[in-house]
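Hi everyone, thanks for making the time.

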Amino acid sequence: MQDLAGDLAAAVGGAEIFAVYQPQVSLETGSIVAAEALCRWRHPRLGDIEPGTIIEVAERTGAIHALGRRMLDECLDTLAEWRGMGRGWAVTLNVSPVQFEDESFAGHVAAAFERRGHGPGSLVLELSHDLLPSADDRVTLSQLAMLRDAGVEISLGGYGAGSTSPERVARLPLSEVKIPGLLVRAVEPDARAALRHEVEVAHAHGLRVVAEGIETLSHLDIAVALGCDRAQGFLIRHPDSEIVLP
C-alpha cells in the first residue's frame, strides 16, 4: 500500500486520474437529468485500481484533499461542456468525511462553483450514510449549510436501511436521498411497503429519491412502485468517460 500512496500523490495531477459518469434518468419522463461522477485511476504498471482502494489510500494519506479538488474541477469543466451542448444535466460527486476536516473545504467548493457561473442544483455532493455528521458536529454542519446557500445540493447515500431517523434527515440540509442497489434488488414484495414508507418520508421532507443499482426491467419496475423520482444503474448505462446518446 505504501507504494500506492506515493504513486497516488504523483498521479493526482496527471491523466492517470479521470472521471467516468453514470447517468440518472427521471422516472417521470425517462430523460437523463443527472450523472454521477466516479473516480478512476489507470496505473501505468498495475492497470485499473479498484475504486475502494483509491479512496482508502487517499483518506489514509491525506491525498483525498488534492484528489477531491481534482475531481471537483473535472466535474465543473464537464458541466460547462454539457451546458455548451444544451444539456441541462446536474453532476453528482461523492465526498469523503475526511474532506470536511479541512474547514476551508466548503468555501473552496462554493467559490469554484460560483466562479464558473453554474446554476443552483447543477452540482450535487453525496455523503455516505454511514458517516453522517452528528448533532454536535458544528464544523461539518456549518459547511453543509454554506454549500446549500451557494446552490450546491447535498445527497445522502445508503438511504432506506432503517437506521436513519426522519429527525436526523430533517436536521441536514439535504436535497436528495439514494436507495442502494442491494436494497432495491433484494426487497421482497412484503417488505416493499416498509421501503415505500421510507420514500414517502423523504418526499414529506421535500427530498428527491434516487434508486441505484437498477440492472433489469424488474428492478426498474420496483423503483417505480416505490415511488422513486430517479433511477441509476447498468440497465440505463454503464459508467463511461462520455455519455453518448443513442
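Y21 counts as buried because its relative accessibility is 3%, where buried means under 20% relative accessible area, exposed over 50% and partly exposed in between, with a 1.4 Å probe and protein chains only. W82 is buried too, at 5%.

A quick word on where this comes from: this is a predicted model, in which local features need pLDDT of at least 70 and side-chain atom pairs count only at pLDDT 80 or more, while totals for chains, interfaces and linings use all residues. Residues are numbered from 1 along each chain as its sequence is written, and side-chain values use heavy atoms, leaving out hydrogens and water.

Back to the rings. The whole structure has 3 aromatic pairs; rings of Phe, Tyr and Trp (its six-membered ring) pair if their centres lie within 6.5 Å, with planes under 30 degrees apart stacked, over 60 edge-to-face and the rest tilted. Y21 and W82 sit 5.6 Å apart with planes at 70°, so their pair is edge-to-face. Ring pairs also link Y21, W82 and W89 into a cluster.

Strand 5, residues 123-127, runs parallel to strand 6, joined by 4 bridges; pairing takes at least two DSSP bridges. There, E126 stands opposite S155. Strand 7 also pairs with strand 6 in the parallel sense, over 2 bridges, and V177 is the bridge partner of L156.
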